[in-house]
Structures are given as structure tokens and as C-alpha cells.
Amino acid sequence: MKILKIFIILFLSIGFSHLKSDEKNDVLKSKILKNIRCLICQGQSVYDSESEFASSIKLIVDRKIEEGLKEEQIYKFLREKYGDWVIYNPQLNKNTYVLWLLPLLLFLFGGAIIYKKTISKNNKI
Amino acid sequence: MKNKSSLFIIITVLSFCFVIFYKGLNNSNTYAPKIKDKKNIPIFEAKDFNSSAYLNSEKIFEEDTFYIVNIWASWCVPCRTEHPLLMELSKNQSVKLIGLNYRDNSNNAKKFINEFGNPYSQLIVDNEGTLSVEFGAYGVPETFIIDKNKKIIRKFIGPINKEIVEEIKLIIK
């Protein structure tokens with residue numbers, strides 16, 4: 001009886017661990033698909049689109065996850081095929097320096113103006 | 001002085017915005033991936049259109065010649081307009097045409113080939129569209145030129161026309 005119980009526990013734990021890894025893959029797949037732009041749709045991610053292009057990309061991402069590729073490796077593969085535009089969240093590289101650094105520069109510039117104004121106001125008082 | 005500098009900053013910012021938006025107006029709103037560097041052809045295995053046997057990319061591109069990979073489907077209307085031009089290109093001895101049948105019904109595809117002719121020296125099937133993704137395509141029709149070093153050197157999105165055929169002829173000369 002004891003042995004039977006152990007077998008049942010072992011069987012269930014193996015079953016659930018498979019379920020867990022499948023769930024994990026599904027979460028990763030959704031995350032990746034939401035970050036890929038559907039290149040033939042207007043303002044839709046591959047996750048949201050039912051186009052043929054999107055369904056092919058979904059299959060590819062599925063296969064790459066099954067092959068054990070990591071999120072960044074899948075993005076790299078897609079970037080090689082379609083360029084940076086295919087990913088919603090672009091990487092920092094020579095083509096995207098302005099995109100990433102301009103808001104920071106504007107923030108610093110605005111901050112400097114506010115700081116200067118506050119200082120001059122305080123001096124007047 | 002202060003007013004002048006503020007005016008100058010405002011005008012500069014507005015001019016900058018105007019230039020950006022004006023440039024944007026002239027740009028096409030459809031995205032076309034650019035080929036900056038010559039890319040290697042993908043390594044793949046695909047089903048033969050006629051025999052259903054599996055062929056690998058090495059076997060398909062084994063000859064020391066230029067190749068044209070054309071992605072097509074029987075349901076694709078622009079594919080019909082470019083087909084006579086592909087037939088014309090297939091007469092050229094210095095190039096081989098590889099047809100990639102994209103997400104198609106095999107009977108319809110066979111009817112298409114019987115009706116319009118077969119310009120392809122090798123026809124392979126891409127039922128799931130994943131092979132087209134390996135090539136970096138996102139629709140039909142698309143045409144890729146592959147040089148003797150097995151690198152993708154040119155890509156044409158949409159149906160080819162007479163000007164493109166002339167360009168292809170110059171490349172493969």
C-alpha cells in the first residue's frame with residue numbers, strides 16, 4: 001500500500017511538473033508574441049493578429065521555445081530576418097541612440113531650466 | 001533679449017517638428033525590410049511539390065549558378081500578373097528558379113501551374129509559412145536573388161515587373 005502511495009505521488013509530481021513547464025512556455029510565448037510587431041497589420045502585435053504572417057510567426061516562436069531558445073535569442077533571430085522594427089521594444093544600438101537618449105536629454109534640459117528658475121526666484125526673495 | 005531667445009527656441013523646435021512630420025508625409029506607411037548586407041540562405045528541409053519527398057537546402061541550391069526564389073500561391077492575384085515574367089526569366093540559362101508554394105491548397109496550386117506554365121526548376125511547399133519567415137518574407141509574392149556564393153543579394157516585395165526583370169538580368173549577367 002505504501003509503495004502504491006509513493007508511486008501515485010511520484011506519478012502526479014511528474015505529471016504536474018510537465019504541466020508547469022508547459023504553462024511557463026505559454027507565458028513566455030505570449031510575452032514574446034506581444035512584443036513582436038505584425039508587419040502587415042496596422043498597429044497590431046503578432047499576438048493580437050490572425051493574419052497569415054502572424055500565424056507563421058506564432059509557429060516559429062513556438063518551435064524556437066521548444067528547441068530551448070531563450071527570449072533574447074528569439075528576438076535576435078527575428079531581428080536578423082526583419083530588422084529592429086519587428087520588435088516593439090527596441091534595443092539600444094547606433095540606430096536607436098536618439099530614440100533612447102532624447103527623452104533623457106529633454107528631461108535633463110527641462111530639469112535644468114526649472115532648477116535655474118527656482119534658484120533665481122529664491123535669490124530675489 | 002530673454003524674449004528673443006525664447007522666440008528663437010520656439011521657432012527652432014517648431015521647425016524641427018515641421019521637418020520631421022513633412023518628411024514622414026512623403027514616406028510610405030508600409031514597412032519593407034531592407035537588405036543591408038548579403039545574407040546567407042537559410043538552412044532548411046522542405047517538401048517537394050510533386051513527389052512529397054523532403055529536400056534539403058543544400059540539395060536545392062547545389063549548382064554553381066544564380067538562383068531566384070519566388071514565393072507564390074494560387075490564391076494570390078498579383079502572382080498571376082508576374083507569372084509571365086517568371087516564364088520569361090526561366091528561359092535564361094544563367095539562372096534557376098525555385099518556387100516556394102506558400103500556404104496553398106495543392107490541387108489549386110497544381111491547376112495554377114498547369115494553366116499558366118511552370119517556370120520553376122524546383123518547386124517546394126511551405127504549408128505553414130515558416131519557411132518564408134526563414135527567408136525574411138512576410139507575404140506573397142516575394143522574390144529573392146541568390147548569388148553563386150549562396151547569399152541573398154536582392155529582394156523584391158510584391159509582383160515583379162518589366163523593370164525588375166531587366167534589373168535581374170543585369171545582376172545575373
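## An exposed loop residue

B:Asn149 counts as exposed, because it has 10 C-beta neighbours inside 10 Å, and a residue with 12 or fewer falls into that class. Keep in mind as you look around that this is a predicted model. You will find B:Asn149 in the loop between E7 and strand E8 (151–157) of chain B.

Is B:Lys150 exposed or partly exposed? With 15 C-beta neighbours inside 10 Å, B:Lys150 counts as partly exposed. The backbone of B:Lys150 has a positive phi of about 65 degrees, even though B:Lys150 is not a glycine.

Another positive phi belongs to B:Arg103, at about 45 degrees, and B:Arg103 is not a glycine either. Look for B:Arg103 in the loop between E5 and helix H4 (106–116) of chain B. B:Arg103 is partly exposed, since 18 other C-beta atoms lie within 10 Å.

Now move to B:Pro141, in the loop between H5 and E7 of chain B. What kind of peptide bond joins B:Val140 and B:Pro141? The bond is cis, with an omega of about -10 degrees.

## The build of chain B

Chain B contains 6 helices and 8 strands. Followed from the N terminus, the elements come in the order α-β-β-β-α-β-α-β-α-β-α-β-β-α. Chain B is more spread out than a compact globule, because its radius of gyration is 22 Å, well over the 16 Å that the globule rule gives for 173 residues. Along the principal axes, the C-alpha atoms of chain B fill a box of roughly 80 × 35 × 30 Å.

Of the 173 residues in chain B, 30% are buried. Among the contacts in chain B with a separation of 6 or more, 76% are between residues 24 or more positions apart.

## The sheet

In what order do the 8 strands of chain B form their sheet? The order is E1-E8-E7-E4-E5-E6-E2-E3; the sheet is open and its pairing is mixed. Strand E1 (39–40) and strand E3 (54–56) of chain B stand at the edges with a single partner strand each, so one side of each has no neighbour in the sheet.

E5(B) and E6(B) run parallel and are joined by 5 bridges. Along this pairing, B:Gly99 stands opposite B:Leu123, and B:Asn101 stands opposite B:Val125. Strand E2 (residues 45–48) of chain B runs antiparallel to E6(B), with 2 bridges between them. Here B:Asp48 has B:Ile124 as its bridge partner. E6(B) is mostly covered, with 4 of its 5 residues buried.

In soluble globular proteins, nonpolar side chains tend to be buried together. In this model, the largest nonpolar core has 45 residues, and those touching the most other members are A:Ile57, B:Ile68, B:Val69, B:Ile98, B:Leu100, B:Ile124 and B:Ile146. Elements giving two or more residues to this core include helix H2 (52–66) and helix H3 (71–82) of chain A, along with strand E5 (95–102) and strand E6 (122–126) of chain B. Which element gives the most to this core? E4(B) does, with 5 residues.

Leaving out residues up to four places away in sequence, B:Ile146 touches B:Ile41, B:Phe61, B:Phe66, B:Tyr67, B:Val69, B:Lys151 and B:Ile152.

## Chain A and the contact

Chain A has 4 helices and 0 strands. Of its 125 residues, 14% count as buried. Among the contacts in chain A with a separation of 6 or more, residues 24 or more positions apart account for 37%.

Note on methods: Residues are numbered from 1 along each chain as its sequence is written. Chains are lettered from A and ligands numbered from 1 in the order in which they are written. This is a predicted model: local features need pLDDT of at least 70, side-chain atom pairs count only at pLDDT 80 or more; totals for chains, interfaces and linings use all residues. The radius of gyration is taken over C-alpha atoms; the globule rule is 2.2 Å times the number of residues to the power 0.38. A residue is buried if 20 or more other C-beta atoms lie within 10 Å of its own, exposed if 12 or fewer, and partly exposed in between; C-beta atoms are placed from the backbone. Two residues are in contact if their C-beta atoms, placed from the backbone, lie within 7 Å. A nonpolar core is a set of buried Ala, Val, Leu, Ile, Met, Phe, Trp, Tyr and Cys residues joined through C-beta atoms within 7 Å. Two strands pair if DSSP finds at least two bridges between them.
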